[in-house]
Amino acid sequence: MILVMSPRHTDAELDDLRERVERTGARTVVSRGAGRTIVGCVGDHDALESVARLALTGVESATPIRTPYKLAARGIAADRSVVRAGPGAGVAIGAHALAVIAGPCSVEGRDMLHTTARAVRSSGAVMLRGGAFKPRSSPYAFQGLGVEALEMLAEVRAVTGMPIVTEVLDPRQVDLVAAHADVLQIGARNMQNFALLAEVGRVRRPVLLKRGMSCTVTELLLAAEYVLAQGNPDVILCERGIRTFDTVTRNCLDVGAIAALKAETHLPVIADPSHAAGRADLVLPLACAAVAVGADGLIVEVHPEPARARSDADQTLTPHQFAELMAAIAPVARAVGRALSEPRAAALPSAEPTHCRRAHA
Ligand code: PEP
Ligand code: MN
């Protein structure tokens, strides 16, 4: 249920309302926007029936949330959500400026990571990606350097100031990955790993949730709901292509889904043109398409020598190709009323994120 407070409501009315709603067993989430305050009420059928019978003093309108996802629904938030990440929460995803994340598919070593980070930062990337634990179709393929790679990522953050995005595959490794990374990536293959979603919902780290390759937009939003329902409000959604009958691309970038997500949810939505294209020459046009349709950012695979990459070589850009991509998306961003984040020239302090578990009642 979405309760929109009347413009002249008092703080006492708001507090009283929340207390009475919570007594029914429903949970309240308050969202204060520029022009209005919304109290979202989430609970089971009986609790919401009880809320509907309350005297709603100070409330202008009460509307049921008809979608199966509630905390992810657009209407529960007064404004679009902006997720902040990194040391000093210095990077914003979902704000006016697009956030571009770039880096290798897998962390393969210290030097290649440093080189890639410096190159993508100078082209305007605001976060560094790199897989430490890799979800590979074959058990014989390179599985990532694991903990060693997490340490390299943290080192490179210390030097470049770039926040780190890396994938977590297993609920048992959430604390470990969160101790090193600024953003926890949930990969397409794990989008419906509900135990993993619940676990990342309990930590204080933004979550980059990639759409499963055969999952619907509603399933993606319900996956996000698992994270939100555990108390972690910082979810970034990512369209990375879905499987279709056509093999000309590795996956089919679903630009319609990006537009639909922007209408259905207040959460930021980014696109991954690399895993959609599966081939380097199509990454730039797909990036432009995603920006044109309203994506809040991109995540792009870049390697100093793509031909030598130990995973996803075919879709990986050189630093030069990445610079070209950034130049190509800038006018598209302007055309749709967005800007690109400025490159961060100066290194920031090397604060290691202290992992902090959230206490939940
Ligand atoms: C990746 O980002 O390298 C990755 C494995 O992505 P996805 O889960 O979208 O396949
Ligand atoms: Mn990859």
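**Close-up views of a predicted model**

**View 1. The manganese site.** In sequence, the donors of the manganese ion (ligand 2) follow the spacing C-x169-H-x25-E-x10-D. Cys105 in the loop between β7 (97-103) and α3 (110-123) and Glu301 in strand β14 (residues 297-301) tie distant parts of the chain together, 196 residues apart. The ion is coordinated by Cys105 (SG), His275 (NE2), Glu301 (OE) and Asp312 (OD), at 2.0 to 2.4 Å. Donors are N, O and S atoms within 2.8 Å of the metal (3.2 Å for Na, K and Ca); water is not among the atoms, so sites may look incomplete. Cys105 counts as buried because its relative accessibility is 5%. Glu301 is buried too, at 1%. Buried means under 20% relative accessible area, exposed over 50%, and partly exposed in between (1.4 Å probe, protein chains only). Helices (H or I, at least four residues) and strands (E, at least two) are DSSP runs, numbered from the N terminus.

This is a predicted model: local features need pLDDT of at least 70, side-chain atom pairs count only at pLDDT 80 or more, and totals for chains, interfaces and linings use all residues. Residues are numbered from 1 along each chain as its sequence is written, chains are lettered from A and ligands numbered from 1 in the order in which they are written, and side-chain values use heavy atoms, with hydrogens and water left out.

**View 2. Helices α3 and α4.** Two packed helices are described by the angle between their axes and the distance between the axes. For α3 and helix α4 (residues 147-160), the angle is about 40 degrees and the axes lie 10 Å apart. α3 is therefore oblique to α4. Axes are lines fitted to C-alpha atoms, for helices over the stretch in contact, and angles run from 0 to 180 degrees between N-to-C directions. Angles under 35 degrees count as roughly parallel, over 145 as roughly antiparallel, 65 to 115 as roughly perpendicular and the rest as oblique. The crossing of α3 and α4 is right-handed. On the α3 side, the contact uses Arg110, Leu113, His114, Ala117, Arg118 and Arg121; α4 supplies Met152, Leu153, Glu155, Val156, Val159 and Thr160. Contact means heavy atoms within 4.5 Å. By class, this contact of α3 with α4 holds six nonpolar, two polar and four charged residues.

**View 3. Helices α6 and α7.** Helix α6 (residues 194-201) packs with helix α7 (residues 217-229) at about 40 degrees, axes 7 Å apart. The two helices, α6 and α7, are therefore oblique to each other. Their crossing is right-handed. Phe194, Leu197, Val200 and Gly201 of α6 meet Ala223, Tyr226 and Val227 of α7. The contact of α6 with α7 has six nonpolar, one polar and no charged residues. Six of the eight residues of α6 are buried. They are Leu196, Leu197, Ala198, Glu199, Val200 and Gly201. These buried residues pack against α5 (174-180), β10, β11 (207-210) and α7.

**View 4. Gln185 in strand β10.** Gln185 is found in strand β10 (residues 183-186). Gln185 is buried, at 4% relative accessible area. Beyond four places away in sequence, Gln185 touches Arg129, Val165, Thr166, Glu167, Val168, Leu208, Lys210 and Ile299.

**View 5. Ala276 in helix α9.** Ala276 is found in helix α9 (residues 273-277). Its relative accessible area is 0%, so Ala276 is buried. Not counting residues up to four places away in sequence, Ala276 touches Arg240, Gly241, Thr249, Arg250, Asn251, Leu253 and Leu286.

Terms used. A crossing is left-handed if the near helix is turned anticlockwise from the far one by less than a right angle, and right-handed if clockwise. Ala, Val, Leu, Ile, Met, Phe, Trp, Tyr, Cys and Pro count as nonpolar, Asp, Glu, Lys and Arg as charged, and the others, Gly among them, as polar.
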